[in-house]
Amino acid sequence: MYDMIIRGGTVIDGTGSAGYSADVAIKDGLIVEVGTVSGAAHEEIDAAGAIVTPGFIDVHTHYDGQFLWDDRLDPSFSHGVTTAIGGNCGVGFAPVLPEHKQALIELMEGVEEIPGIVLDEGLDWDWKTFPDYLDRLAAREYTMDIACHIAHAPLRVYVMGERAINHEAATADDVAQMATLVREAMDAGAVGFSGARLLEHLSSTGAHVPGTFADDDELLGMAKAMGETCKGTFQIIPLGGVGASLFDEAGREARQAEHDRIVKIAQVSGRPLTYSLVQFNSDEEDWKMMIDESERAVANGLPIAPQVGARSVGALTTLDGNHIFMLRPSYVAVADLPLAERLVALRDPTRRAAILSEKSDPAVVAANPQLGSFIEMLTGRIGGIFPMSLPLDYEPGPDDRLEVLAKAAGVPMEAYLYDHYTKGDGTNVCASHMLNFIGGGLDGSYDMMSREITASGLADGGAHMKMICDASMPTFMLSFWARDRKRGPTLPLEHVVKKLSLKNAELYGMHDRGQIAPGKRADINVIDFEKLSLHMPHIAHDLPKGSPRMLQGSTGYVATIVGGVVTRRYDAETGARPGRLIRSKAVH
């Protein structure tokens, strides 16, 4: 007697091979048979007309804090994710000494835009070392399996204290101590080490992240220590990762040098390495150079995987989130009202006229300069904002730009935008597409996704909570890239599923999952592919202290199964929490 049989679906097994009709039998949390299954089961799922895929593996999340206060792990949970990896980008919460807790909160608040008040309320800091932190996670139950890197910034601060925060060079003794702690973390089950050299990453106090300017000896020391454990993946955001900016005017030569550094890290560690890669305006062909260099390295035997996003990197704006009016005095005066009451105030003609005539309040900007800079950037890009409507279009054309819509309506752009936000129930959303949208489309993302060596990631679940909801990436990838794209070619469904499953499983040495095959863990999605769709993003006030975040639902998941247990059925959660912490295992 099987525990479960999934009957009559089209199996897209994760390997990239063509789909085929088959039943899938499950027992004791494992797939035990794929084909025509004649036995009986305690539970059957009718998958006729649906596709059956491996569960999706999200390798780039920032749930480090959320792991400790939330067992549901949305937004990833609503999009077929069955394994989530935290501790990315060199930031995290372990190891930690009591005197450095606030500094780590400020790092996560600034870099990943997780409100400090949420972290203050949600974390009890009942750990010191990284193994302590993993033990805390291991005691909890989730909708999906979880795993975590040890991150460079907290490690550096733990060993060097204020010298790390002041960006002093690590001594040989510092590097030796950090290396010992990396080995300790890997032995305890960390799935890798993460670092970042991105100059744009700043704490909430405006400080660069500890480790940003680390010497090669320090980075290579961490790589060597990880490699000595015969397990783990090195994750890094390279210098110049979002192009030229106020902080980084480095050009092609600096990026070539950065790839040389990536190669050196992979050589020293002997382990897989993944780095963030996007397309940006200041050098539209940079991504091609980086992937070409990575392909040469792979041909020479180095397991390097550029990690790419499937759609644009940008910002979603709405009244309960961020928008260009939010720091103007007449808006600030009503900002704390409940949305329904705020809408009444905002629709008052006198207040509307006042807000449209004002600039951001300098005193408010001075109190929050990063938000002020962000609002200034959005205001400068107002013509390229896209009001969103259902069905969602993540590759809108030039005629959908706010500038064109406002001109057709015969009103100023700010007035058009203001009225869009304040229509209806006040939940209208706009999108500002930035990275990966060069030339007004997603051709660059298509090319990056097409490359065999790239890994799918950068979804940032748990981060940038009021600005994005890219944890919906799996649903988007399937519905857009394998079905709906209108302005260019699509990708084969089998290719997209492989990117979401087996490719990421192999990258992180999770050889027990990522494929529909006997002996593999029964992490599975049953999906009504024709009905699969994304809902409109919306703000929910469900974080600790009622803080807001952007969520995005989906339709089309007949079932999501984790270790043989159904966690979602017809787009609704079942309440099951079969997910546990994954501890890495050595592969010699």
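This is a predicted model: local features need pLDDT of at least 70, side-chain atom pairs count only at pLDDT 80 or more; totals for chains, interfaces and linings use all residues.
## Helix H8

The expected span of a helix is 1.5 Å times one less than its number of residues. H8 covers residues 252-269, so 18 residues, and its first and last C-alpha atoms are 26 Å apart, close to the 26 Å expected at 1.5 Å a residue.

Quite a few H8 side chains are tucked away. The buried residues are Arg-255, Glu-258, His-259, Arg-261, Ile-262, Val-263, Ile-265, Ala-266 and Ser-269.

In soluble globular proteins, nonpolar side chains tend to be buried together. Here the largest nonpolar core has 113 residues, and Tyr-133, Phe-476, Leu-478 and Trp-481 have the most contacts inside it. Helix H6 (residues 172-188) supplies the largest share of this core, with 8 residues. There's also a second, separate core of 27 residues, and Ile-324, Tyr-331, Ile-375 and Leu-402 are among its members.

Back to Phe-476: which residues does Phe-476 touch, leaving aside those up to four places away in sequence? They are Ala-310, Arg-311, Tyr-394, Leu-442, Trp-481 and Leu-534.

Strands E2 (residues 20-27) and E3 (residues 30-35) run antiparallel and are joined by 5 bridges. Lys-27 sits opposite Leu-30 in E3. The two strands make a hairpin with 2 residues between them, and Asp-28 in the turn has a positive phi of about 55°.

Notes. Residues are numbered from 1 along each chain as its sequence is written. Side-chain values use heavy atoms; hydrogens and water are left out. A nonpolar core is a set of buried Ala, Val, Leu, Ile, Met, Phe, Trp, Tyr and Cys residues joined through side-chain atoms within 4.5 Å. Buried means under 20% relative accessible area, exposed over 50%, partly exposed in between (1.4 Å probe, protein chains only). Helices (H or I, at least four residues) and strands (E, at least two) are DSSP runs, numbered from the N terminus. Contact means heavy atoms within 4.5 Å. Two strands pair if DSSP finds at least two bridges between them.
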